[in-house]
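Hi,

Here is the structure I said I would pass on.

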Amino acid sequence: HFWRANKDRYPPRRVVRFDTDLEDSIVLSVVIQSHVPNCQAVQMLRCPCTSIEHYEENAFRIVAALQEIGLSFPIQATDIISSPQPKDMLLFVMFLYMNLPHYVPKTVIVFSTMLGVNMTKNIELTNPSKKAITYNVQLQGSSDFSVKESTIKIEPKQTVSFPVEYHSRFSRVVESQIVFTSRREGNVHAAAMVFKLRSKCTGRKPRKTILVSAVLYEIGTVDIDLENPFDEDAEFQLMLRESMVCDADRNPVRSKRCEAYEPFHLNESRVPVKANATAKLTVKFLPFDAPAHFVAYLGFFDQRAGEFYYELFGTSSPPLPLENYKLQVKAEEPGFKELILPHRNVQMDRARMWLEAHGAGSKQHLPDTIVYDVKLSSPYFLAPKQVTVVSANSKSVEGSKTDSKSVVARSANATGERNPSNDTKDRTAGTNGISPSVAKLSLEFRAKEPGVYPCTVTLTSDVDVRCYSIEGTGTAPNTHCALNFQTQARKAITQEIPIMNPTEREWAIKPTFVQNGNEFDGPREFIAKKKQANGQATTTCYKLTFKPDWICDVKAQLTLHNAGTNETYEYELHGVAEEPLAEEHVVIECQAREKKTHKFLVKNHSNTQATFEVESDLVHISGPSSITIESKGEGDYELTFQPLQAGSVIGCIMFRDTQTGHYSWYTVELVTLPPKPQQMLKLTCVVRQAVAVDIQLVNPLDDVVVFDVALNGEGLLGEAEFVLAPKETATYELVFSPLLPAMTKGTAVFFNDVVGEFWYDLELVADQAPPEELSQLECELGRIAQVAVKIDNPTGQEVVLKHRSTNKINFKVIQQRVLLPPLESTTVTIEYSPSQLGNREESSIYFEHPSVGQWIYKVSGIGLEPREARQVQVVAQVNRPVSQTITFKNPFLETIHALIVLEASGEKNVFELLNRKAKVQIGPLATTQIPFSFCPPSMTQHSAELAVSVVKPPLTWTYQIQGVAEAPADSTLHSFVVQARESLETYYLLNLV
């Protein structure tokens, strides 16, 4: 051990004695340090030892080392240096040999976690002994590992988990070790346990994400609030790492334009921040590709406090236009414009210069030939898909000139306007002064309709991205179109003609009409407003009106002259006016045979006085036949209405000019309410009976009058027509015969076209029919009695009645379904079964139907004592017994105890009860079977009497049993054989029994 672990720290030696070779403690210290490298007590010993003090110092360090690592051995420093005993030193060396190997770590516990994410792991310790063990816990190494307890006690045969927490502050690997040394308690002393702890950073999770945006080749800045998450002051070293171009989901994207340039830049390399405080930090973002996303990690590192990261997420937008062009053409006509493309991009050059000035980039040389892909944002512009720009220093300049000329294959005939700042560039890029380092891109513009068409031309290559802005304006050509109008006379309609002005000045529009009349009209002066502040064209509408005075079919021409653009818009106008609509829909409400007046407004649209004839298809109206109105005036025409009957009628009234034939008209809806009733009549009747009332009618005319009669109400009957001779007075018979009880209203209306309408208000009262009381029934207990009732159907429909009884025990209807044929009667049987002796029993039987009403019958009955015996007949062959039962029903509502006795006359044992119990218990209204047997010994008449008796009340029911004996059947088969047309006689001897 000494030879292997010494590593030239101390002079080599050979140990052959346990006293003098170990007295300077050098060998012991190397052995201890080889097992416990971080033991501080034996890090440096005196060597060589030239005095007794040196020996003592080294010996005390050995004793201190034992205490440091938790080993307990009964040795003092003097035992090593004063008089070392070989046997004691041998025991001490054996002690170290047995215990020091336990201080070698058993395993390495790796804490794999993200930076800044703490992690806890549990070490399971087991005590296999029969006594409790207490361990002292000691951490040695990095302070990033921590434990909550310094001791742990393990009960016998138990396993406990000891947690160790790791505080992730650095991405580098940190190590520590945890030592469990047992506390000696008597003779119990467990071996030490050592575990090595090691960290492993699996990733850097940013504490926050900083968003920043910038235009391509322009610098965007963002101020970051740097928060110190540690509990101590720190001076953080700043670093940018893992910078890349990505998509919106942070997936890497390759970009040739960004390969030589970093997008994020810092002004500072170190930032001091107080504990748990904040500091300001500025990050600059300069993109070299767009549209694109950029991501990088901004790291903050302090050697003592720790490190953490922020994520920088940059978004770039397309660059600003290098040039702004304007182009104006007539709609649907082509226009052309040439864009001058220099070899160098001044925006990118400015960005690269900034990088070089800040030491963030090196000078990059552009390729001599750059090929750009051309993309247009507007479908109204056309251009080649690619364009090539060649540097003036290239050896193939002449070829590039030829290429550029092939690109610009067409010259622009349309006029174009450019910004004043670009005029100088246009002049220098003329046909005589084009630099060999520029190319031309020819654009074709075709406006679909008048308006402003903005377009962005984007040129993309592996070197840079360029944008050019061009604003195309489409002006309207001379317009010639037709407009058709269709309306009713005297009803004006308006058509708006839109005029779009995309310019910065107002347009004065001059309208001119060519027509024979004045049907078409519009403003004589009109201004089309200039474009809006946001650059959008403004649409102003010219309102053209067609207002015919009467039915016509006219044509005209409208010319709109634009003085601002010297454009002319021509419109062929065609107007058709149909018959006029009604002036108004008038609703008149009145009562029959009463007068109602209404005033209609009549207008004279002509320039002379006019007389209007009045026409109408309504009846029972009166008024003047004409009305005169002054020129351009109006007047009221009064019309009187006096309808004779109630109802709703729609008609019209027309006012026609006698000279011109022009007319105006109204639609009239006459709503006539019924007149007041002549009289209130009250009719009262019991259901299914009838009552009549006479109504006197008079004919005041000299002609025969036929009245139509309308009866409204349930149960009203009468003639539908009633005829009166001239000057005749007669009586109309009105019959009221209800089926259902109710109090309702009704009317009797009499109408004639000449006489008019009059009516009577009826109050109809239908009372419920009183119950029909039937005669009292008498019946013996145990028997039934019946009574029949006759029910008539007063309707012409088949009716099925529902029936119910208020006393279902004693009274019931025999028929389950009571059917009444139309206008016929049906007999229904009611059955009575008494349950009391001498007491009157009652019930009400109801027959109901929702259409024909209700019949009620009151029935009653009284129970009598049983008198007549019931006859029972039984048939049997001689000497062959048969059995039969008699059913007995308890008629009472209480339980009875009946005594059953059978008495036979004549021979014995002919009749016998099969039930040995002579006394039986029978429940209320329950039945019981009484079985008996009959075995006749001879062919004679047999009889017996069966009595069923009860004590309370003392009653007896008697059954007379008649036994009929029959001869036994002959089982012999008799055969008769005879020829046809012959007879056979055979004699048999019969034995009588």
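**Salt bridges and a few other spots**

Lysine 812 is partly exposed, with a relative accessible area of 45% (buried means under 20%, exposed over 50%, partly exposed in between, with a 1.4 Å probe and protein chains only). Its salt-bridge partner is glutamate 831, with the closest N and O atoms 3.8 Å apart; a salt bridge here is a side-chain nitrogen of Lys or Arg within 4 Å of a carboxyl oxygen of Asp or Glu. Glutamate 831 counts as buried, at 12% relative accessibility.

Before I go on, some background: this is a predicted model, where local features need pLDDT of at least 70 and side-chain atom pairs count only at pLDDT 80 or more, while totals for chains, interfaces and linings use all residues. Residues are numbered from 1 along each chain as its sequence is written, and side-chain values use heavy atoms, leaving out hydrogens and water.

Back to the salt bridges: the count comes to 28. One of them pairs lysine 274 with aspartate 233, at 3.8 Å between the closest N and O atoms. Lysine 274 sits in the loop between strands E13 (270-273) and E14, and aspartate 233 in the loop between E10 (220-227) and E11 (234-246), so the pair ties together parts 41 residues apart in sequence. (Helices, H or I with at least four residues, and strands, E with at least two, are DSSP runs numbered from the N terminus.) Lysine 274 is exposed at 58%, and aspartate 233 is partly exposed at 39%.

Another bridge joins aspartate 702 and lysine 727, with 3.6 Å between the closest N and O atoms. Both of these residues are exposed.

Next, helix H6. This helix covers residues 346-357, and its 12 residues reach 16 Å from first C-alpha to last, close to the 16 Å expected (1.5 Å times one less than the number of residues). Its buried residues include Met348, Trp354 and Leu355, and strands E12 (264-266) and E14 (278-285) are among what covers the buried residues of H6. Just after the helix, glycine 359 takes a positive phi of about 65°.

Last, threonine 503, in the loop between strands E27 (493-501) and E28 (507-514). Threonine 503 is buried, with a relative accessible area of 16%. Leaving aside neighbours within four places in sequence, threonine 503 is in contact with Lys530 and Lys531, contact meaning heavy atoms within 4.5 Å.

Cheers
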